[in-house]
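Please keep the sequence and the three-dimensional view at hand while reading.

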Amino acid sequence: MFRKTALATVAIAAAAALTLAGCSSRDAGTPSSSSSGDAAGFAKDSLIGVALPAKTSENWVLAGDLFTNGLKEAGFKGDVQYAGASSPVQDQQNQIQSMVTKGAKVIIIGAADGSQLGPQVKAAKDAGVTVIAYDRLILNTEDVDYYVAYDNFKVGELQGQALLDGMKAKKAEGPYNIELFSGSSDDANSAVFFDGAMKVLQPKIDDGTLKVVSGQTDIKQTATAGWKAENAQNRMDTLLAANYAGTELDGVLSPNDTLARAIIASVKAAGKQLPIVTGQDSEVESVKSIMAGEQYSTINKDTRNLVKQSIEMVKELQEGKKVTTNNDKDYDNGKKIVPAYLLPPVIVTKANAAEAYANDPTLAPLTK
Ligand code: BGC
């Protein structure tokens, strides 16, 4: 219950900030320095822990190597751990506890379940460790010092808008038949993505431009447990069988690329015409799919920049400087407002892929 409140707070605050700013981005604030939790600095070769969730999408796979190399280059001892797929929460709890025991000065956490780390981050704080939530906010605890992420509410808004734009480009007039998917309910980001998308889509559902043929619009119905492709594929199979005999499906809101490809596979297997499908993460296979005209859109949240920003925070802490943040008001985790550094996500379709990935050596060649 409480978790829901915390998430709602994040989303409402995000929406309010958007209204206040009167523009489409709320991360444009002038970077400020935050005073919460800063230590007096520590030795340059200190241990820095990085606890990542299971490898549910390519961004997490990339983050591990980038942290290992980036921390080493900056002169720190990095301890980068992933949660396993079978018991991610328990694995991560143990890994964080062990990083505290080993004397880490900073622990960066991409939470497997942001609502289940209270005792571990408390142990970290009690030992004088600075805790940084990476990509996913850690909820319902005072013991998280900073949050570094792409603007996830904005990600959702971009996905919702891309879905509308893609369908309109294919068929000028609605009504459009759509289905909605969201991420895993244990990931605090899932509700933020969904709320961002629904901010764009709900008015169009209300005025009849969009029709969710299955009627499944509640996040409990749209969720994809564990962010697993097979769960999205099974749900799409069921939705198609139950609702789309003789009916065209125009679009699907998918929260990320892994699920987008599973949804596309389901539609293909059902022998139906491909709908507009959104995504997120700029995974290699999805960029190929976009260039081939199958998946419609993805989001570029360049993991290199997010890891770089996280390591900047660690450097500031090491030097005993104030940590730079650019949003100190929107990220209420249920117990405190967590000072955040947000990066801007970018929507990518076939039309702007070459430009969007111009400086990405892996993705740029795919857009030629
Ligand atoms: C990340 C997404 C990712 C998803 C599944 C989310 O918390 O923000 O980029 O697709 O987790 O791994």
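The sections below treat the ligand site, the aromatic rings, the backbone and one loop.

The structure described here is a predicted model.

## The ligand and its surroundings

The ligand is surrounded by 14 residues. The closest are Thr 56, Ser 57, Arg 136, Asp 187 and Asp 281.

For Asp 281, an N or O atom of the side chain is 2.6 Å from a ligand oxygen. A polar side-chain atom of Asp 135 lies 2.7 Å from an oxygen atom of the ligand, and for Asn 189 the corresponding distance is 3.0 Å. On its own the ligand has 310 Å² of accessible area, and the protein covers 100% of that area.

## Aromatic pairs

The model contains 4 aromatic pairs. One of them joins Phe 67 and Tyr 134 in an edge-to-face arrangement, with 5.2 Å from centre to centre and 70 degrees between the planes. Phe 67 and Tyr 134 are both buried. Ring pairs also bring Trp 60 together with Phe 67 and Tyr 134 in a cluster.

How is the pair of Tyr 147 and Tyr 331 classed: stacked, edge-to-face or tilted? The ring centres of Tyr 147 and Tyr 331 are 5.2 Å apart and their planes meet at 50 degrees, so the pair is tilted. Planes under 30 degrees apart would count as stacked, and planes over 60 degrees apart as edge-to-face. This pair, too, links distant parts of the chain, 184 residues apart. Tyr 147 is in strand 6 (residues 146-150), while Tyr 331 is in the loop between strand 12 (323-325) and strand 13 (340-343). Both Tyr 147 and Tyr 331 are buried.

## Charges over rings

The charged end of Lys 55 sits over the ring of Tyr 82, at 4.4 Å from the ring centre. The charged end of Arg 235 sits over the ring of Phe 181, at 4.5 Å from the centre.

## Backbone features

Most residues other than glycine have a negative phi, and most peptide bonds are trans. The following sites depart from that pattern. The peptide bond from Gly 174 to Pro 175 is cis, with omega near -5 degrees. Pro 175 is located in the loop between helix 5 (152-170) and strand 7 (176-180).

Asp 135 lies in the loop between strand 5 and strand 6. Is Asp 135 buried or exposed? Its relative accessible area is 4%, so Asp 135 is buried. Trp 227, likewise not a glycine, has a positive phi near 55 degrees. With a relative accessibility of 7%, Trp 227 counts as buried.

## The loop between helix 7 and helix 8

Trp 227 is found in the loop between helix 7 and helix 8. Ala 225 has its place in the loop between helix 7 (219-222) and helix 8 (229-243). Leaving aside residues up to four places away in sequence, Ala 225 touches Ser 184 and Asn 231. The C-alpha atoms of Ala 225 and Ser 182 are separated by 9.3 Å, although these residues are 43 residues apart along the chain.

Key: Residues are numbered from 1 along each chain as its sequence is written. This is a predicted model: local features need pLDDT of at least 70, side-chain atom pairs count only at pLDDT 80 or more; totals for chains, interfaces and linings use all residues. Side-chain values use heavy atoms; hydrogens and water are left out. Helices (H or I, at least four residues) and strands (E, at least two) are DSSP runs, numbered from the N terminus. Contact means heavy atoms within 4.5 Å. Rings of Phe, Tyr and Trp (its six-membered ring) pair if their centres lie within 6.5 Å; planes under 30 degrees apart count as stacked, over 60 as edge-to-face and the rest as tilted. Buried means under 20% relative accessible area, exposed over 50%, partly exposed in between (1.4 Å probe, protein chains only). A charge sits over a ring if NZ of Lys or CZ of Arg is within 6 Å of the ring centre and within 35 degrees of the ring normal. A residue is near a molecule or strand if one of its heavy atoms lies within 4 Å of it. A polar contact is a pair of N or O atoms within 3.5 Å; within protein, one must be able to donate a hydrogen and the other to accept it, and residues adjacent in sequence count only if both atoms are side-chain atoms. Accessible areas come from the Shrake-Rupley method with a 1.4 Å probe; for residues, only the protein chains shown count as cover.
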